[in-house]
There are 4 protein chains.
Amino acid sequence: MAHHAVTPHEGKLLVLTPGLGAVATTFVAGVEMVRQGAGQPFGSLSQMQTIRLGARSENRTPLIRDFCDIAPLGDLEFGAWDVHAADAYDAALHAGVIDKHELAPMESFLRTVKPMEAAFDQQYVRRLDGPNVKPEGTKKEWAEALRADIRRRLDETGAARAVMVWCGSTEVYLRPAPCHETVEAFEKGLEDDDPAISPSQLYAYAAIMEGVPYANGAPNLSADVPALEQLAEEKGVPLAGKDFKTGQTLMKTILAPGMKARMLGVNGWFSTNILGNRDGEILDDADSFRAKEVTKTGVLDSILQPDVYPDLYEDLYHKVRINYYPPRGDEKEGWDNIDIFGWLGYKMQIKVDFLCRDSILAAPIVLDLALFLDLAARAGRSGVQEWLSFYFKSPHVEVGHVPEHDLFIQHVRLKNTLRVMMGEEPLTHLSENDEIYENADAS
Amino acid sequence: MAHHAVTPHEGKLLVLTPGLGAVATTFVAGVEMVRQGAGQPFGSLSQMQTIRLGARSENRTPLIRDFCDIAPLGDLEFGAWDVHAADAYDAALHAGVIDKHELAPMESFLRTVKPMEAAFDQQYVRRLDGPNVKPEGTKKEWAEALRADIRRRLDETGAARAVMVWCGSTEVYLRPAPCHETVEAFEKGLEDDDPAISPSQLYAYAAIMEGVPYANGAPNLSADVPALEQLAEEKGVPLAGKDFKTGQTLMKTILAPGMKARMLGVNGWFSTNILGNRDGEILDDADSFRAKEVTKTGVLDSILQPDVYPDLYEDLYHKVRINYYPPRGDEKEGWDNIDIFGWLGYKMQIKVDFLCRDSILAAPIVLDLALFLDLAARAGRSGVQEWLSFYFKSPHVEVGHVPEHDLFIQHVRLKNTLRVMMGEEPLTHLSENDEIYENADAS
Amino acid sequence: MAHHAVTPHEGKLLVLTPGLGAVATTFVAGVEMVRQGAGQPFGSLSQMQTIRLGARSENRTPLIRDFCDIAPLGDLEFGAWDVHAADAYDAALHAGVIDKHELAPMESFLRTVKPMEAAFDQQYVRRLDGPNVKPEGTKKEWAEALRADIRRRLDETGAARAVMVWCGSTEVYLRPAPCHETVEAFEKGLEDDDPAISPSQLYAYAAIMEGVPYANGAPNLSADVPALEQLAEEKGVPLAGKDFKTGQTLMKTILAPGMKARMLGVNGWFSTNILGNRDGEILDDADSFRAKEVTKTGVLDSILQPDVYPDLYEDLYHKVRINYYPPRGDEKEGWDNIDIFGWLGYKMQIKVDFLCRDSILAAPIVLDLALFLDLAARAGRSGVQEWLSFYFKSPHVEVGHVPEHDLFIQHVRLKNTLRVMMGEEPLTHLSENDEIYENADAS
Amino acid sequence: MAHHAVTPHEGKLLVLTPGLGAVATTFVAGVEMVRQGAGQPFGSLSQMQTIRLGARSENRTPLIRDFCDIAPLGDLEFGAWDVHAADAYDAALHAGVIDKHELAPMESFLRTVKPMEAAFDQQYVRRLDGPNVKPEGTKKEWAEALRADIRRRLDETGAARAVMVWCGSTEVYLRPAPCHETVEAFEKGLEDDDPAISPSQLYAYAAIMEGVPYANGAPNLSADVPALEQLAEEKGVPLAGKDFKTGQTLMKTILAPGMKARMLGVNGWFSTNILGNRDGEILDDADSFRAKEVTKTGVLDSILQPDVYPDLYEDLYHKVRINYYPPRGDEKEGWDNIDIFGWLGYKMQIKVDFLCRDSILAAPIVLDLALFLDLAARAGRSGVQEWLSFYFKSPHVEVGHVPEHDLFIQHVRLKNTLRVMMGEEPLTHLSENDEIYENADAS
């Protein structure tokens, strides 16, 4: 449990986002609004949550941002890639998440974030297209171009360090292939233009090669292959993924632990989503949905443990549907029907209708991941950062590890890791007089 | 953390319920159905949940019922009081919770549970009345009559020990009065027929005096007064309360911790219930509802900590409504609308419709409380058992303690207390490699 | 079926609203936005609906506004009374219904609508108060002051005619009293300051005396008393009421006829509302709610005819709740649970969640009523206009008539009355070859 | 408007159902329960609804069953075909719609209804199979075998007349083909085994050839082709279809007319269903769903008339999803989200959750159709009976006619046709004093 000293933050931090759509612009514009005092970063643990340190009697409960040596918002610089050439202001207007009257005062700043040419190939994202793409070339050439982009943007902004958070679209479902097994095989694949290597893997590769921590907000395979994990270890780069936990899955990972705690059986869980943004349009394509479906359906099994509780959860019929529905734009709606049973098998039902906003839920995750990955890098951590599972639908874990989906366990783990990273004791003292439980912040 | 040795269970355990309505009959009939192999005790931790012991490598995860020295279902005997003279079979038929065709094979057994005369006074439960009540007398006389009832029922059943779980109606809202301050004042109040002493307090008093652990499933003040807490300590009797956490509040204590973990603000929470059983009819009376309302509304403040997070939770408008609605009988429906906000203050909504069954959710709680209180007594524990907060809307805590409402923290506490009580280590090892988190059962 | 010739509209039409809150400002600002081409009058039959004339073969289906001689929007002038002195611009901003950025271009116009002093007495509207009220005086004096207000506003605006639509608050529930029986008794009551005469009755009286048609958008008794009906007949003034049919009741009058058409039984209908505007605050007062409750609960009996269909509807348990819930402002939410049964008595449930906007639904009703009442007056119609029941929760009908609540029947009636008023045949030809049914517009 | 005299009912009426699954057994068992006094035929107009005759002053409002010369329930006999050999008792038990304890007293009767061998070919209903099928043969041979079945069952039961109501599965979507154009082409197609002729068309053909009225409860093309319409005219046989209007579509045809009456715009309507019966399993096949989807999506266009009201309804995005979800069995749940807008374009939402029971809603439709088609035949009516549109999702109309989907217009039409058929005047008198509107039964 010895901890590495954390190299203090110094200089600016560049946050790079492949994708400059609804999520990325909501993140960038929001950070600027917070800096200008025009909004608050609700939803962000790094900015708003407290953390208890030591014994209760010590009465130390600082904000996480005061406790951890994370970069202050004032230090953030931004860079992005997108198939559309619209700058962050126009892209934010188009996304329609933040009210145009609130965006107006941010215009001059947002105009400075102009997307670099995307490494894009439509066979991986069927229903998307745009003109702002890199000229044809091999995957190797594209990867090198991305590395050059990173260095150039560091130069332009004068930033000392960078992190990359994938805010782009969901790619079609890809299975791990031989070229994903080792660094060598991967680099050969780049040269051979192996179709098993998707664009998001080029970004991940470029980031790692440049020593830039990488987080993956989509269900794409991306860095979740042995080759890139190994490369990240070698280069000392932290990784996190996959798929931001924003709407219905967030709700699922809140409710399912509750059902299990009370030993209520579940024999059916039907989840349907309607959403009208670019994400929705892409997921209307069956192959793209397949990738999403995989990340969405493992959640319940992992939480409910049907192997341990067969009578309660073995027969659970779980179905997830995503429907493109333009009238709503970014205002996603998730409807869940849960069929449960209790004492003697008597049936009950829970229906949850979540009128959420995809990008509003995702933006603070981008912020937290950027700041925590940068911290992790300065703390000398590399490879898969399982303690960031809290933010993901489909936690990227090391080979052989079982992902943890229970939001409450993920939360304990996140905060204890921060404690340890900063040289504090994790909360361990569960005495019989239960003192720590009296403060919900214990978690 | 030294633990008392637990006196082994031996002989039968008598479970006494003031009230033989929907909850109590569903409990009694259900236990018998489980004993006859005609049903499973879903919803009961004591019967179905596992508990991890020691380091993960030890691979010890027994069922709680195999780990703790709790009484086996075969040892249970039953006794009850009710204002109606109907035996448990007729009362269960009337309640309509368990299907009459499933009840039929239990008839001969259920006929043996005939309610004793209730200590009942309509000024405390306005919309209830019935003929099976004790003759007029002072509160002192009624308390003595209840003690005699307990002893007689122990004789009749040949049981070695007893526990009492209040399954009766909600009494009108009463504030603590001087007679509740000390044992002496309370006993004087009994003699003087002090109106501040309600019938449920007579039952609690009688139980404690007979060395019988007492749990309170309604929001009644009951044992939650210094006089009875002190008496319980003196007599070495464990107590638990108040108000079974069954429907909407259960859902609230699952959802609110999730909102807080993610730093999502909440500015409105509207909860309405429709229910058509006897409970609903009584709560249609404003004074009775007042008691319920108090136990229901504290929950959010305690979980969300508006003092720590004023920007997120200070303006929360919380409203709870209960509506008597006969068409549904025991099939309560709880509808919640939750107004939340995220990044930059953008608004979202969550609607939850819970088609639940009051008595189906309550019956396994009665069972767990009976078995765990009996275990606690044999472990030498007395007074308020805060570790049973998991089961209650309004946890009865010692003077000066803040109740914990977060279901997930309550759950950790319950299981660690069981570990300690049985001489095992509580789960304490939160190492940086996070091994325990890989198993959701860690909680 | 002979029709009076309609006196052509000429000159401006002044629309007077007691109340300049959310509904009235949404109406006034909306009319101006439509006139400026900045919005469309969705929800208004007079502006948007077509009407079929003659046999289908004639192929005549004009817009109602082209068919009937109603005043064009360009002719409308506005006047109002309110206890707050804020002009229509400030009041609209405060109401928060129309986005402030959409209101801005209307500012100069809206500033011209300044509320006259209200005839206000807090004993009739408990939770409302404000400084812009008439000086103390007898009810007779207030009534005369209101008449003078009407004349002055006609002068100021140069309007040729006026109509008045009550857009004020719900008054406490009042039963008809002797002073409501005859014109003489009513006028004596004015002089004697009879407490049975509420302020809304002063407005109604003033309107009728000035020859101004009057519609009542609240459940207040107002003009629904023999004295004022008789006075309206004498003065040749049309009346309509009561209580705009906007949210949950609108939904009820759509759904209930559907259930009945299919002979589906209903044994429970629970309706709850949450709303946070001034209306909600006032209805949180039990006496004010009483008036609303009466207008809301008669609806189902009238539609479902439990006397004719006792097996289907006799046991219907109907409960309506209104809850003040500030987080939502004007964005009312109505939640209905409907317990129905079909073949052999098997049960089903319908849940409807209506996220509506009170003032958005009410504003086009104000417009239609103003235009249709003005038309009716010019057509020589006086007294209660039952054909406008379509717009009301609690249709004001002549003594001895049974109100019709079925929205679809109300709709047929409205349009046939327009046909007749304009000298066309009502749709009567239901031939066996059913030709008219092929066009939904037949209704 | 001259009406044919109705030949009086005499002798028994045989109701034949292709399909002996949930719908058919619920119908057959329900009729028997009603005959035995063990249930009521809720949901059936023919049994429970009244009908007003003549002027209101005549005060004549009999039950439809007393007014029309329909066959009494006591006269009904039953016959069925199914791929499973289970008799009506076993099939009803398997369907699980009617409680087994309620079915028990009907056992001996239900055992007498044994399914005849089905004319079945899996290429038309992919996810269904069973052993009780006719031996291989040409379509011509199967059609002849079905005709023989009809005659034999008439003999067995001693019935004087028969009607056939398709209660079988949804077939894959088929487009009209040349063989559907004329009787000659169709009969040649039978001989040639034309793949464009589906099994349900064999049943329809057999029925018509035997002079048996035919109604189609599924979206199958079936009798909705010129060849069979023409044959029905020739043989004097009435037809009706398609697809019983039971759950979500029923709700849609109730709500949409309400939106339109009030000129509320609709820009999105998302409908999803979960159901776990055989029907759900079959519709999980994309081709089968296609047939259903076509019948479900035309509804809104027809009611809302986007051509007449482009600003209100032209942009309506309508999506319908059906999901196989076994946990519920026959208890279908339909969830609708409706995005509407009002005054100035401000948005509102309606969510409807219908916990319905497919077969409970369908069974009374089978009964009504059987009785009304038999009546129509005795009244000398032949060909497509558009007046029965009330019962169908996708009304079968004559070539060139536009189907009417508005439930309320369909209802008026149904009752006026009954009036005319029985020699009464249709309700035509819409006088200015509106007398008929005072009685909701006018419709």
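**View 1. Pairing of strands β7 and β9 in chain C.** C:Val266 has C:Ile340 of β9(C) as its bridge partner. The model shown here, as in every view below, is predicted. The two strands concerned, β7(C) and β9 (residues 333–341) of chain C, are antiparallel and are joined by 9 bridges.

**View 2. Pairing of strands β7 and β8 in chain C.** With strand β8 (residues 317–324) of chain C, β7(C) pairs in the parallel sense, over 8 bridges. One bridge position is marked by C:Leu275, whose partner in β8(C) is C:Tyr324. Strand β7 (residues 265–275) of chain C is mostly covered, with 10 of its 11 residues buried.

**View 3. The open sheet of chain B.** In chain B, 7 strands with parallel pairing form an open sheet in the order β3-β2-β1-β4-β5-β6-β11.

**View 4. Strands β1 and β4 of chain B with helix α9.** Strand β1 (residues 13–18) of chain B runs parallel to strand β4 (residues 161–166) of chain B, and 4 bridges join them. Within this pair, B:Leu16 lies opposite B:Met164 of β4(B). Helix α9 (residues 199–209) of chain B packs on the sheet, where it touches β1, β4 and β5 (214–216) of chain B. The direction of helix α9 of chain B makes about 165 degrees with that of β4(B).

Conventions: Residues are numbered from 1 along each chain as its sequence is written. Chains are lettered from A and ligands numbered from 1 in the order in which they are written. This is a predicted model: local features need pLDDT of at least 70, side-chain atom pairs count only at pLDDT 80 or more; totals for chains, interfaces and linings use all residues. Two strands pair if DSSP finds at least two bridges between them. Two residues are in contact if their C-beta atoms, placed from the backbone, lie within 7 Å. Axes are lines fitted to C-alpha atoms, for helices over the stretch in contact, and angles run from 0 to 180 degrees between N-to-C directions. A residue is buried if 20 or more other C-beta atoms lie within 10 Å of its own, exposed if 12 or fewer, and partly exposed in between; C-beta atoms are placed from the backbone.
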